[in-house]
Every structure is written in C-alpha cells, then in structure tokens.
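Here is a walk through one model, written for someone who likes cut-offs spelled out. Take a look at the structure first, then read on.

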Amino acid sequence: MRLLPLACLAFVAACSPAADQGAANQQGEKGARLVASVLDSPDARDTQSYARPLEARVTHVALDLRADFDAKRIGGTATLDVEAKPGAKAIVLDSKGLELAEVTDGNGRRLSYSLGKADPERGAPLTIDLQGARRIRIAYKSAPEAEALQWLTPEQTAGRKHPFLFSQGQAILNRTWIPTQDSPGIRQTWEARIVVPEPLKAVMSGERLTPEGEPAEGGGRAFRFAMNVPVAPYLIALAAGDIAFQPLGPRTGVYAEPATIEAAAAELVDTEKMVAAGERLYGPYRWGRYDMIVLPPAFPYGGMENPTLTFLTPTFLAGDRSLVGLVAHELAHSWSGNLVTNAVWPDSWLNEGVTSYFENRIMEALYGPGRAAQEAALSFADMESAFAELGADAPGTRLHNPDETTEGGSSGIVYDKGALFLRTMERTIGRERFDAWLRSYFDRHAFQPMTSALFLADLRSNLIKSDKALEKKLMLDEWVYKPGLPANAVRPDPKAFAPVDAALAAFKAGGAPPAQLWARWTTAERLRFLNGLPRKLPQPRLAELDRALGLNGSRNAETLFAWLQLALANRYEPAVPAADRFLTAMGRRKFVAPLFETLAEQGGWGRPIAARIYERARPTYHSVTTGTVDKTLKGSGG
Ligand code: BES
Ligand code: ZN
C-alpha cells in the first residue's frame, strides 16, 4: 500500500513511500487525509478524462447537494481539495451537461473558469484558474438528462407511492452530476450531505453517518456520508427513495423498498458468510460494513460494486438463492476493483476478470466444488460464444484492449477469459502458492491504481522470480496482450454437467423434453440445457419444450432470458407475451439489449414486435440501456 500523507506531492509517482500495511481504513494523522499517487506511465493515461493529474489533481470531494425530483436535478456545491505542481496555473476537471453558477476558492473569492467543447461521450473539460488556490468550490446543478442518474416515478417502484433516484457512475457517467476528475486512476476521498424531500431516505457508497437523517433548512431531510480512504470517483453512488433496512449479520445488511425487503433479506442470508470467505481467501475486508441495496427493476446492471453498498437488480431474486453468484461477484470487487483498481478502462480485466475468478472461489467456499465447477463451465461456454462472435483471433479478444476505451469490451473476454487466465495460473502454480501471491498483491497495491504491466511485473518479482520453466508454462504475455485463447488454458471439468449433456443428446436425437430431470435441476443445469439446445428448432419442438418445462412461465430471470433468446430467434409466437411482460417489467441491459437484438434480427416478424414493445418500455429504461437498444432499433421506430 502506498498511501501518501498530504505533505507528499502525490502526483509525483516517485515519492510513494514503501508499503505500509494495516492502517488502510483509518484516516491519516490528526485528520490529514490519505492521498493515493497517480501513475505517470503512458499505459496509465486515461483518454476518457480531460484531467491532467500530473499538473493538478483533486484529492478530496465534498458534496452539499439537494435532490429536486420535480425538476430531475441535483444541485448545490462541490468543494474540491487540490494538489498541484508549484506554479500550476489551472486544474482541469471532467463535466457533462452541468449547469454552472460560479466557482470560488476556499475564501469565497471568485475564480475564472472555462468550459471547453463538449464531446458526446466524454463531455467537456472544465478548466479552473487556480490563482494559487488549493480549495475550490463549484456551485452547479445537474441536467435533467444526466446519464448517471435515473429519476423514477412512483409507478416505477414496488411501493408505487414515492419517487426514487439512483446513480450509476461506471464507467464515465459520474461527471454528469459531480464536477471532478472522473478517472479511475485518480483516487479521491469524499464526503457528502444530501437533502431529499420527506419522507424519503438517502444512502450512499460510504460510511452512513446519519441513518435517520436530520432536519434541513428549507425543508426536507439531510443525510451525511464519508469515505475516508481514497477511491476511484466512479464509485461514488447515491440512492434515494422509500428505503427500509434489514440487518443480515454483524457487518452486513440490506436496503430495499419496504415491499421488497423481506424477499431481499431471504435471498441474501449467506452474505455474512461470503464476507468471511472472501477474507479467508484474500485478506481483510477493509471497508467496514458490507451492505447492499436492492433497487427498483430499472437498474441497468445486475450489480454494481459501490463500496460499502453494493447496488443490485431485483432480477436476481429467484427465491432459491440460485443467482447469488452476483453477490459473490460484487463483494469480490471489494478487493479487485475497489482496493486495487484498473488505472484505465482498457485494463478492465484487472477489475472484472480477477473478480470473476474470486467470485467463483467464494462460491466454492460456500456451496462446494460441484456448484463452482458448474458455474466455471458456464463461464467457459460464454467465453467460447464471445470467440465465436468476435472471431477466434480478433483484436477484441485481447485482455489488455487499447481499443476499448470505457467498458473494456465483450464480457466473454474481460470477465470469462480474464477469470480463466487466473484459473490457469492457479492450476499451473498450485492453489496454495497462487492464493498467497494474490493475497499479497491486494496488500501491496491496496488503494492504488493498477495496469496490466504492473500486474505482470508484480507476479514476476514476487512469485515467478527466476523460475524460467514456470515463466514459460504460464504464457503470461500471450494471455494479457495477444488475441485468441492460449494453448495452456485449463478446460472446464467435462463431468460438471454430465447428466444434462446426456439429456441434451437424447433431445437432439428426437426424444421428449426431460421434464422429470428438469424439475430437479439447478438453475445452472437448466441454463446449460437451454443454451445447449440447437439454435434452430421447429415450432412443434419449441411447443413441446415450452409445455413440458413451463418455460414461458419461468420465474427465474436467467432461465426466462435463455428461453426467450431461443424462442424469439425461431419466431415462436407464444413467447411474445412473455417477452413483452419481461421487457416492460425490468431494464437490466444484459437481458434487454440481446432480446431486442434477437427480435431485430427477425426482420419482418421481429422488428414490428420490438418497436411496439420498445415504445412502451423505453421511457422506463436507464440511459445505459436505451443507449445500447437505440443503436439496435434505429430506423424501426424505437
Ligand atoms: N462493475 C460491473 C458493472 C459495470 C461494468 C458497470 C461495466 C459499468 C460498466 C459489475 O460488477 C458487474 O460485473 N455486474 C454484472 C454481474 C456479474 C455477476 C457478472 C452484471 O451487471 O451483470
Ligand atoms: Zn464486476
């Protein structure tokens, strides 16, 4: 860990002190804030941010904001602490659509600023003349169309009585409501005071200092939060609405709307054990509490690893805990992603691939090697689909992918090939030695940015050392920098799904759907079956499957999705009402975007159905989801 005291000019990478373990989640001496250094190598330069952190950088963000649900704006002040090179004239921040009122220094003196030309993705640089100031205060409002924020009407919530607001920062959306340097390699501590109308509650991804809130001048209730260790700014997150809380264990709990809290708590009973398993594997959980919030169904992702407060889609509530791999995943990001963070998005495999591997180890620790092997085999199949789609040697199949500037690329590569790289290392090196290295990697780099090159350098200096034979066996550079699948990749256990694969063969040979087996299968087994079916099936065979397995009525979102993908690709009319219900009931992009794409591929049959459903569903979706679907349906009235 290299946490720099304020006195050290943290933008100079060379001034990093030696590793110092243990004091991670405490504030520095006498309230001095912890500052993490910024990398200065060319591969750590973020093309998606206008910031020039080696000249002047933000170290701390203090927000004082009020949420206006009628105007769909959040506004107030952001006070930024700045470290700058001696003589630095200006600091450059990221901003997108912000309405600026004024900028002052710590003493209320006006500072001049200019807003540069806006780019549709990155927004506009906000350059502020420092005039020697090391604290700047920006008075501003977000725009009603701020992409990070979704303002839900009461009808879009489970309770249907109160509005709801949530934010989604990753990858480069937080600049639509927070004027700061929005780059994952520029870590910042933060604090916030958020005012929301009565009787709503606000929660954020930091220590929740006033759980019940306090009366606010001018009406409403104010909620205060703090994050005392430096985090990447995409991890600042807010939710506000009619929110209840239920404890799950000593340091875990769940927030949700009152109508959802019971189902959420039941699904999440194993969370405390997951945290303990994570710690046994890879070292201390350094964030204090691990709480989650189950959001309304418009949340565009499965989960988002906001520190101390994972955001979750309600579509993982299956009633049988079959989809809690999602929770293991978001929890694992407390190490890979939040503690050690990709400095730039083309290295997002360092966040998502390492996390997907870690997720599987947590699942193994809680539910045994059988379930973990099945989930690893599903992940391997997802990776194979990605290779099939992109081309086995396409540039998009590289883990370090300089072309992918925000999300890092296909999930089959970033997540699944990334996880397989670690699984292959584990097998080659031996679990005990590999685990010891990974644990020490998190310790050495806690609260610091990471690149592919630094990852490999750490592995070489701390594990491989001079073992030439091991170096050769691992094929590290090929895994990280080359397209395709390296020859040493470990294959999934062929027996993981043996009975399912036998049932698939029987069905493909003309047999009846395996109704009795299906009734006893786990969700992973059902998914293996559905995804293993031939992609082209005649109507009578689809009808048999539907009837025997109750597919259109499936209440498990992953199963329903897998079925609808197959059914719609074959123009199976009886699946249309189920697709309509599903697509208008939630906005998770992973489900929504592929289903619309499948419909769009079915030209004269599917496009009108897609257009009809999208017209009603679009206003309920988050910008992350509409951004993707709009591209698919352009020209079909969507
Ligand atoms: N950090 C991601 C979500 C994300 C990725 C947001 C890229 C914005 C850009 C999160 O941890 C994640 O991976 N979620 C997955 C679930 C997981 C089990 C694969 C999801 O949302 O489906
Ligand atoms: Zn993730």
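Predicted model: local features only at pLDDT ≥ 70, side-chain atom pairs only at ≥ 80, totals over all residues.

Helices (H or I, at least four residues) and strands (E, at least two) are taken from DSSP runs and numbered from the N terminus. Residues are numbered from 1 along each chain as its sequence is written, chains are lettered from A and ligands numbered from 1 in the order in which they are written, and side-chain values use heavy atoms, with hydrogens and water left out.

Most residues other than glycine have a negative phi, and most peptide bonds are trans. Phenylalanine 447 has a positive phi, near 65 degrees, and is not a glycine. Is phenylalanine 447 buried or exposed? At 0% relative accessibility, phenylalanine 447 counts as buried; the scale here is buried under 20% relative accessible area, exposed over 50%, and partly exposed in between (1.4 Å probe, protein chains only). Methionine 475 also has a positive phi, of about 55 degrees. Methionine 475 sits in the loop between α9 (468-474) and α10 (476-481), and with a relative accessible area of 23% it is partly exposed.

Then there are cis peptide bonds. One runs from glutamine 170 to alanine 171, with omega near 0 degrees, and alanine 171 is in the loop between β11 (164-167) and β12 (188-196). Another cis bond joins glutamate 198 and proline 199, again with omega about 0 degrees; proline 199 belongs to the loop between β12 and β13 (201-204).

**Ligand 1**

Glutamine 170 turns up again at ligand 1: of the 15 residues around this ligand, Gln170, Gly302, Glu305, Glu330 and Tyr415 come nearest. A residue counts as near if one of its heavy atoms lies within 4 Å of the molecule or strand in question. By class, the shell has four nonpolar, six polar and five charged residues. The classes are Ala, Val, Leu, Ile, Met, Phe, Trp, Tyr, Cys and Pro as nonpolar, Asp, Glu, Lys and Arg as charged, and the others, Gly among them, as polar.

The polar contacts below are pairs of N or O atoms within 3.5 Å (within protein, one must be able to donate a hydrogen and the other to accept it, and residues adjacent in sequence count only if both atoms are side-chain atoms).

| Residue | Atom on the protein side | Distance to an oxygen atom of ligand 1 |
|---|---|---|
| Glycine 302 | polar backbone atom | 2.6 Å |
| Tyrosine 415 | polar side-chain atom | 2.7 Å |
| Histidine 329 | N or O atom in the side chain | 3.1 Å |

On its own, ligand 1 has 520 Å² of accessible area, and the protein covers 86% of that. Accessible areas come from the Shrake-Rupley method with a 1.4 Å probe, and for residues only the protein chains shown count as cover. Which elements give two or more residues to the shell? They are β21 (303-304) and α3 (325-332), and α3 gives the most, with three residues.

Histidine 333, in the loop between α3 and β23 (340-342), and glutamate 352, in helix α4 (residues 349-367), are 19 residues apart and link distant parts of the chain. Histidine 333 is buried, at 0% relative accessible area, and glutamate 352 is buried too, at 6%.

**Aromatic pairs**

A search of the whole structure finds 32 aromatic pairs. Rings of Phe, Tyr and Trp (its six-membered ring) pair if their centres lie within 6.5 Å; planes under 30 degrees apart count as stacked, over 60 as edge-to-face and the rest as tilted. One of the pairs is phenylalanine 69 with tryptophan 151, edge-to-face at 5.2 Å centre to centre and 90 degrees between the planes.
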